[in-house]
Amino acid sequence: MSTETEQVKKRAPTLYAIIVVKLLKGVIFIALAIVLYTLSDNDLPAEYRNLLDHLRVNPERAFFAYLAVKVGQLTEAKVRWTALGTLVFSLFTLTEGIGLMFRAPWAGWLTISESAFFIPIEIFELLNPARKGSPLLLLIILALNILIVWYLFQNRGRLFRHHQHLA
């Protein structure tokens with residue numbers, strides 16, 4: 001076995017973590033799309049109040065009151081379009097994860113592009129003073145996307161090399 005083949009077969013724990021994140025994100029968004037679709041013809045404000053009661057959350061807090069107003073503005077058509085968009089995004093994310101599992105070069109570039117696309121949006125949201133809620137989750141997502149872009153770009157030759165020599 002040549003050293004090049006041995007180098008390709010080395011484990012890539014960070015790549016495996018990225019694959020797991022992409023696959024989990026895809027599965028979560030598929031589940032969310034299904035839930036959105038099934039709830040689209042329900043009385044959403046009543047469902048929201050029931051959820052807050054079930055979670056024992058104070059609906060008078062500013063964030064939950066703001067969210068209640070937004071939920072009240074939703075129509076069945078908006079919810080179905082959102083479900084469809086969520087489903088498409090989940091399939092995109094699952095495609096990335098499966099492509100990365102097989103170490104396909106296109107999947108590496110697709111993941112780099114998708115993660116890099118969201119970085120300026122996340123920075124804008126962090127700097128937006130009108131944004132509601134805690135910035136911690138957004139900061140974690142931003143850091144994760146920066147890590148994904150940096151890692152895949154820096155290691156693209158080592159991670160995806162074996163597919164380039166098949167021709």
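Of the 167 residues of the protein, 27% count as buried. Buried means under 20% relative accessible area, exposed over 50%, and partly exposed in between, with a 1.4 Å probe and protein chains only. The model is a predicted one: local features need pLDDT of at least 70, side-chain atom pairs count only at pLDDT 80 or more, and totals for chains, interfaces and linings use all residues. Residues are numbered from 1 along each chain as its sequence is written, and side-chain values use heavy atoms, with hydrogens and water left out.

**Colour by secondary structure.** The protein has eight helices and zero strands. Along the sequence the pattern reads α-α-α-α-α-α-α-α. Helices (H or I, at least four residues) and strands (E, at least two) are DSSP runs, numbered from the N terminus.

**Select helix 2 (13-39) and helix 5 (76-101).** Their axes come within 8 Å and cross at roughly 160 degrees. Helix 2 is therefore roughly antiparallel to helix 5. Axes are lines fitted to C-alpha atoms, for helices over the stretch in contact, and angles run from 0 to 180 degrees between N-to-C directions. Angles under 35 degrees count as roughly parallel, over 145 as roughly antiparallel, 65 to 115 as roughly perpendicular and the rest as oblique. The crossing of helix 2 and helix 5 is left-handed; that is, the near helix is turned anticlockwise from the far one by less than a right angle, while clockwise would be right-handed. The residues in this contact divide into 20 nonpolar, six polar and four charged. Here Ala, Val, Leu, Ile, Met, Phe, Trp, Tyr, Cys and Pro count as nonpolar, Asp, Glu, Lys and Arg as charged, and the others, Gly among them, as polar.

The axes of helix 2 and helix 6 come within 13 Å and cross at roughly 70 degrees. So helix 2 is roughly perpendicular to helix 6. This crossing of helix 2 past helix 6 is also left-handed.

**Go to the largest pocket.** Its volume is about 480 Å³. Select Leu36, Leu39, Tyr48, Leu51 and Val71: of the 14 lining residues, these are the closest to the pocket centre. Helix 2, helix 3 (44-55) and helix 4 (62-72) each give two or more residues to the lining. Helix 3 gives the most, with six residues. By class, the lining has 12 nonpolar, one polar and one charged residues. On a 1 Å grid over the protein atoms alone, a pocket is an open set of points where a 1.4 Å probe fits, with protein on both sides within 12 Å along at least five of seven lines; lining residues have an atom within 4 Å of a point. A volume is the space filled by probe spheres set on the points.

**Move to the second largest pocket.** About 350 Å³ of space lies there. Among its lining residues are Val21, Lys25, Phe29, Phe89, Glu114 and Ile148.

**Finish on two arginines.** Pick Arg56, in the loop between helix 3 and helix 4. Arg56 has a positive phi of about 60 degrees although it is not a glycine. Next, pick Arg103, in the loop between helix 5 and helix 6. Arg103 has a positive phi of about 55 degrees, and Arg103 is not a glycine either. Which is the relative accessible area of Arg56, buried or exposed? Arg56 is exposed, at 77%. Arg103, at 10% relative accessibility, counts as buried.
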